[in-house]
Amino acid sequence: GMSRPPSQQLREQFAFTPFPFENVGALVSESNPDLFLFSSDYPHMEGGRDPLGRFDRSLEDFDDAVKAKFFHENFERVFPA
């Protein structure tokens with residue numbers, strides 16, 4: 001058996017990097033802010049135009065704690081130094 005629920009295991013060990021055209025705000029609202037982190041494929045076409053701005057606009061209704069998780073804290077958790 002597992003020693004922790006699947007939801008906890010996902011939050012602690014997984015993260016997803018949405019494309020800039022995806023509404024990360026909706027993804028966070030429907031799941032958990034611990035699951036998503038910023039990424040970009042800049043300067044390649046798949047990176048989209050203005051990925052920082054698009055993600056920032058998508059998260060404009062969220063507080064600074066959620067934005068911090070998305071833009072850097074979740075990365076630091078998944079890929080510790």
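**Exercise 1.** Is Phe 16 buried, partly exposed or exposed, judged by its relative accessibility?

*Solution.* The model used here is a predicted one. The relative accessibility of Phe 16 is 39%, and since buried means under 20% and exposed over 50%, Phe 16 counts as partly exposed.

**Exercise 2.** Classify the ring pair of Phe 16 and Phe 36, and state which parts of the chain the pair ties together.

*Solution.* A pair of aromatic rings is described by the distance of the centres and the angle of the planes. The structure has eight aromatic pairs. For Phe 16 and Phe 36 the ring centres lie 6.1 Å apart with the planes at 45°, so the pair is tilted, because planes under 30 degrees apart would count as stacked and over 60 as edge-to-face. Phe 16 sits in the loop between helix 1 (6-13) and helix 2, whereas Phe 36 sits in the loop between helix 2 and helix 3, so the pair ties together parts that are 20 residues apart in sequence. Phe 36, with a relative accessible area of 9%, is buried.

**Exercise 3.** Carry out the analysis for Phe 38 and Phe 71, and name the aromatic cluster to which these residues belong.

*Solution.* The rings of Phe 38 and Phe 71 are 5.9 Å apart centre to centre, with 40° between the planes, and the pair is tilted. Phe 38 belongs to the loop between helix 2 and helix 3 and Phe 71 to helix 4, so the pair ties together parts 33 residues apart in sequence. Phe 38 is partly exposed at 23% relative accessibility, and Phe 71 is partly exposed at 26%. One aromatic cluster is formed by Phe 38, Phe 55, Phe 70 and Phe 71.

**Exercise 4.** Which residues make up the largest nonpolar core, and which elements give two or more residues to this core?

*Solution.* The core has eight residues in all, namely Val 24, Val 28, Leu 35, Phe 36, Phe 55, Leu 59, Val 66 and Phe 70. Helix 2 and helix 4 are the elements that give two or more residues to this core.

How values were computed. Residues are numbered from 1 along each chain as its sequence is written. This is a predicted model: local features need pLDDT of at least 70, side-chain atom pairs count only at pLDDT 80 or more; totals for chains, interfaces and linings use all residues. Side-chain values use heavy atoms; hydrogens and water are left out. A nonpolar core is a set of buried Ala, Val, Leu, Ile, Met, Phe, Trp, Tyr and Cys residues joined through side-chain atoms within 4.5 Å. Buried means under 20% relative accessible area, exposed over 50%, partly exposed in between (1.4 Å probe, protein chains only). Helices (H or I, at least four residues) and strands (E, at least two) are DSSP runs, numbered from the N terminus. Rings of Phe, Tyr and Trp (its six-membered ring) pair if their centres lie within 6.5 Å; planes under 30 degrees apart count as stacked, over 60 as edge-to-face and the rest as tilted.
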